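Work through the exercises below with the sequence and the model at hand. Each task is followed by a solution in steps.

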Amino acid sequence: MNAWVELTESLSLANDKLHLAAHIAFSLVKGHALMTKHWGFSEEQEWRVIYYPERDAEGALKQFLSYHIGERGVEPKLKYQIGHIANVSAPDLALERLLDRIILGPSLSSPLALRSVQRMLDGIGKPNFKPLLRPSTIPLRPNSGSSF
């Protein structure tokens, strides 16, 4: 942010153009927030599919915009089944090519949870993913009611 401030000041933008610099700063902060996570989860080495509606001028991924009902209520959700989309992704894009392992989080690492996930994989036609299941090495923290 310091570099952004210095650059913005050096440009001596007119007041009616400052919103452009602010938009760039917001985009940088948003990208950082979406692409980083607590170091304690570094074992996951996950890839994230991030959808920026403003970059989807043709609306190629609009069909995958949906919602999820969770603990915080209704939230927007991109329900994209990884695969080829003309003029968007590589022709050979497939989840099978990207997936290295499936890590069951600390609260989902019990033998019962493992069997349930294996059953789920059978049910969705992905039994070949079962050998990729691994228990998390992150210790389970009791829920203290705080998000910190």
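What does the accessible surface of the protein chain come to, and what percentage of it belongs to carbon and sulfur atoms? The accessible surface is about 12,200 Å², and 59% of it belongs to carbon and sulfur atoms. Such areas come from the Shrake-Rupley method with a 1.4 Å probe, and for residues only the protein chains shown count as cover.

The model is predicted: local features need pLDDT of at least 70, side-chain atom pairs count only at pLDDT 80 or more, and totals for chains, interfaces and linings use all residues. Residues are numbered from 1 along each chain as its sequence is written, and side-chain values use heavy atoms, with hydrogens and water left out.

**Exercise 1.** List the elements of the protein chain in order.

Step 1: There are four helices and four strands. Helices (H or I, at least four residues) and strands (E, at least two) are DSSP runs, numbered from the N terminus.
Step 2: Starting at the N terminus, the order reads α-α-β-β-α-β-α-β.

**Exercise 2.** Describe the surroundings of Gln 118.

Step 1: Helix α4 (residues 111–123) contains Gln 118.
Step 2: With a relative accessible area of 26%, Gln 118 is partly exposed.
Step 3: Beyond residues up to four places away in sequence, Gln 118 touches Lys 130 and Leu 133.
Step 4: Lys 130 is twelve residues from Gln 118 along the chain, and their C-alpha atoms are separated by 5.8 Å.

**Exercise 3.** Find how many salt bridges the structure holds, and examine two of them.

Step 1: The structure holds six salt bridges. A salt bridge is a side-chain nitrogen of Lys or Arg within 4 Å of a carboxyl oxygen of Asp or Glu.
Step 2: One joins Glu 75 and Arg 72 (2.5 Å, N to O). Glu 75 is partly exposed at 21%, whereas Arg 72 is exposed at 72%.
Step 3: Another joins Arg 97 and Asp 92, with the closest N and O atoms 2.9 Å apart. Arg 97 is exposed at 60%, and Asp 92 is partly exposed at 39%.

Note on methods:
Buried < 20%, exposed > 50% of the residue type's maximum accessible area, 1.4 Å probe, protein only. Contact = heavy atoms within 4.5 Å.
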